[in-house]
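Me: I would like to go through the terms used for this model one by one, and to see the grounds for each.

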Amino acid sequence: MKLVVAVIHPVRLRAVKEALERVEVQRITICDSQEWVRPTGMSGARPFGAFQATIKRMITLEIAVNDDFLERTISAIARVSTVSRGQPADSGAIYVMPLECAWSFFTVKTGAGAI
């Protein structure tokens with residue numbers, strides 16, 4: 001079992017949900033989040049206030065998947081979240097973490113059956 005955490009731009013939420021539905025991912029936790037962005041080209045120590053960092057509104061998705069759903073989940077998110085060539089890079093990322101346990105209060109199942 002894995003926990004997929006995807007940070008996406010809010011305008012891409014509908015497309016990501018539809019892409020996940022097509023690959024039969026049925027449960028997603030959707031959270032409003034904020035991303036602190038440091039200006040590009042700034043490296044090394046800077047005195048406080050030397051540059052203006054921005055905070056962008058983002059959406060964080062948390063998706064618990066069984067191992068056989070991992071690749072299709074990542075592919076579905078990446079396919080609709082990335083920008084085409086020649087365009088500036090958009091914010092966002094996908095993280096995958098091991099998931100030790102899962103419990104479903106609705107089905108009263110544990111482990112892979114809870115997902």
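Reply: Let us begin with V108, which is exposed because its relative accessible area is 68%, and exposed means over 50%, buried under 20% and partly exposed in between, with a 1.4 Å probe and protein chains only. This is a predicted model, in which local features need pLDDT of at least 70 and side-chain atom pairs count only at pLDDT 80 or more, while totals for chains, interfaces and linings use all residues. Residues are numbered from 1 along each chain as its sequence is written, and side-chain values use heavy atoms, with hydrogens and water left out.

Me: Where does V108 lie, and what is its phi?
Reply: V108 lies in the loop between β5 and β6 (109–110), where strands (E, at least two residues) and helices (H or I, at least four) are DSSP runs numbered from the N terminus. Its phi is positive, about 55 degrees, although V108 is not a glycine.

Me: Why is E24 called exposed?
Reply: E24 has 53% relative accessibility and therefore counts as exposed. E24 is placed in the loop between α1 (13–22) and β2 (29–37), and its phi, near 70 degrees, is a positive value in a residue other than glycine.

Me: Why is T60 called buried?
Reply: The relative accessibility of T60 is 13%, so T60 counts as buried. T60 belongs to strand β3 (residues 54–65) and, not counting residues up to four places away in sequence, touches V5, A6, V7, T29, I30, C31 and S33, contact meaning heavy atoms within 4.5 Å.

Me: What makes the link between the side chains of T60 and S33 a polar contact?
Reply: The side chains of T60 and S33 are joined at 2.8 Å, and a polar contact is a pair of N or O atoms within 3.5 Å (within protein, one must be able to donate a hydrogen and the other to accept it, and residues adjacent in sequence count only if both atoms are side-chain atoms).

Me: Why is L3 called partly exposed?
Reply: L3 has a relative accessible area of 22%, and so is partly exposed. L3 lies in strand β1 (residues 2–8), and its C-alpha atom is separated by 6.1 Å from that of P98, 95 residues apart along the chain.

Me: How do you know that R72 lies over the face of F69?
Reply: R72 is at 3.9 Å from the ring centre of F69, and a charge sits over a ring if NZ of Lys or CZ of Arg is within 6 Å of the ring centre and within 35 degrees of the ring normal.
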